[in-house]
Amino acid sequence: MIWLLCISALGLYNIINWNPKIYLALSPYSMYKFMRKTRSGGWKSLGGILLCITGSEAMFADLGHFSQLSIKIAFTFMVYPALILAYMGQAAYISQHHECVNPIGYFLSVPETVRWPVIGVAIVASVVASQAMITGTFSIINQCLALGYFPRVKVVHTSDKIHGRVYIPEINWILMTLCLAVTFGLRDVKHMGNASGLAVITVMLVTTIFMSLVIILCWHKSFLLALCFLIFFGLIESLYFSASLVKFIDGAWVPLVLSFILMTIMYAWHYGTLVKYESDLQNKVSLRWLVNLGPSLGLVRVPGIGLIYTELVTGIPPILSHFVTNFSALHQILVLVCIKSVPVPYVPAKERYLIGRVGPKEFGLYRCIIRYGYRDARKDNEDFEDRLIRNLGDFICSEQRNCYSISESSEEEMAVMGTPILSGNATIDIDRSCDSVKSLDSATVSNIMSPTIQDVTEPIFPCQAWWRQVQSVLLSSPVSDPVLIKELQKLLEAKENGTTYILGHSNVKARKGSSFIKKIVLDIAYNFLRKNCRGSSVALCVPHAALIEVGMVYSV
């Protein structure tokens, strides 16, 4: 703010002092006369003129910290007028001092009495502006992570109240290294300016192209309107883009090389992740196979809860069949946990959890899909276990309240469990009814429920407030089911015995006969990124002492 006010005041001073009629240069006709007079020389100079607007785009890269409306207001009423006044003032000074060819000509237009303070403010402003670019990079990388286009890195949420304020240590170190490498590598302010100019105009040109698609696909406007938008702005930006390409050898190659490396990393990671997911999808086992194993799944069911992480939202993941084949025991309650990032900024808390039952009740097998938006905050200190158990309990209660049961052949029926089902606010996707409900008299209800609820309401784990709510609702309900009480008691006992996290440690490699490019992408690039990025257990905040990794190898 201080820097913008400073350059605005200096611009007004130079306009008034040196050339009050400089405002005529704002007319597009002046640019036409300039281009007609200078021809190819004027066209080449557009690459340098482009530097006048570089830096202002950092505001739009910092959407993670400010809203779109605040950025629009700040740019329209503060940044844009300040830039116009600053460059008009410098032009007014140069129009009266044609001998000024110094690279730091702007500071020559500053009066000597305030020149050094202005230089100090400029240095501080450059630090603040670079910070905006850094935080903007953090926000973009965080969204790429959520969409599965970037290797897993540590994301630290710096604000408890404002979403989107993140810090990524690895990216911060990479940016510092790249800045030092470019500075020591180019060693020329002009070459660094050429690199910056090409990067900015390329972003503008790509944005214009995608904006024309937004007009058609999102706004549902006419194709002619989108074409007019693309031609008008595309031609102007193409003129600047071609002028910047002329300076490709003089430093403009740097952003293209860096963007190619980044694109290769993103493509390799996304392709490897997609191939791995498709392999899981092809190797998943049917529910019939699970039912044929019987309620015990052919193993000894030990007390406790097993959380099996998988990318599949339907079917039985191959990790479970692999686990059953190689181990002789399995937990009393199993939950297939699938964490999905959806292409929306935020998912409301009441719509985050989808809970369903897999197979008959006696199997004790559930599926939980947890949905996050790409700008949702996933903090390390969230008590994930308690929230999951609470939602499982709500789902069990919803089965009794809505009078339905999952059939052996059905595994797609799930319920949205965002707010407690006991409050009656949850939305159930399953539309089922039953013919009758087993009714019990008050004495029978008290005899069945009193000892169980007394045990449940003991301060066994942090969800005790929820269990008190279970008690009050069930005791006041004229209709209840002893099976419900037994299943809630079973869930509580399993929670008391501890939770184990079961993760698949899959390795993907190209099968024999694959193309050379596929082998490079999967065997070298993807596996290198997978081994050197954050592990799944760390990214999912899984405690190491309760972790079991099941190794699998896919040849694709």
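1. Tyrosine 271 is partly exposed, at 23% relative accessibility. Partly exposed is the range between buried (under 20% relative accessible area) and exposed (over 50%), with a 1.4 Å probe and protein chains only. This is a predicted model: local features need pLDDT of at least 70, side-chain atom pairs count only at pLDDT 80 or more, and totals for chains, interfaces and linings use all residues. Residues are numbered from 1 along each chain as its sequence is written, and side-chain values use heavy atoms, with hydrogens and water left out.

2. The whole structure holds 10 aromatic pairs. Rings of Phe, Tyr and Trp (its six-membered ring) pair if their centres lie within 6.5 Å; planes under 30 degrees apart are stacked, over 60 edge-to-face, the rest tilted. Phenylalanine 75 and tyrosine 80 make a tilted pair, because their planes meet at 40°, with centres 6.3 Å apart. Phenylalanine 75 is partly exposed at 22%. Tyrosine 80 is also partly exposed, at 45%.

3. Tyrosine 267 and tyrosine 271 are stacked: 5.9 Å centre to centre, 15° between the planes. They sit 4 residues apart in helix H11, so about one helical turn separates them. Helices (H or I, at least four residues) and strands (E, at least two) are DSSP runs, numbered from the N terminus.

4. Phe229, Phe232 and Phe233 form one aromatic cluster.

5. Asparagine 142 lies in helix H7 (residues 115-146). Asparagine 142 is buried, at 13% relative accessible area. Beyond its neighbours within four places in sequence, asparagine 142 contacts (heavy atoms within 4.5 Å) Val155, Val166, Ile168 and Tyr374.

6. Helix H13 (residues 318-326) has buried residues Pro318, Ile319, Leu320, Ser321, Phe323 and Val324. Their cover includes helix H11 (248-283) and strand S4 (329-342).
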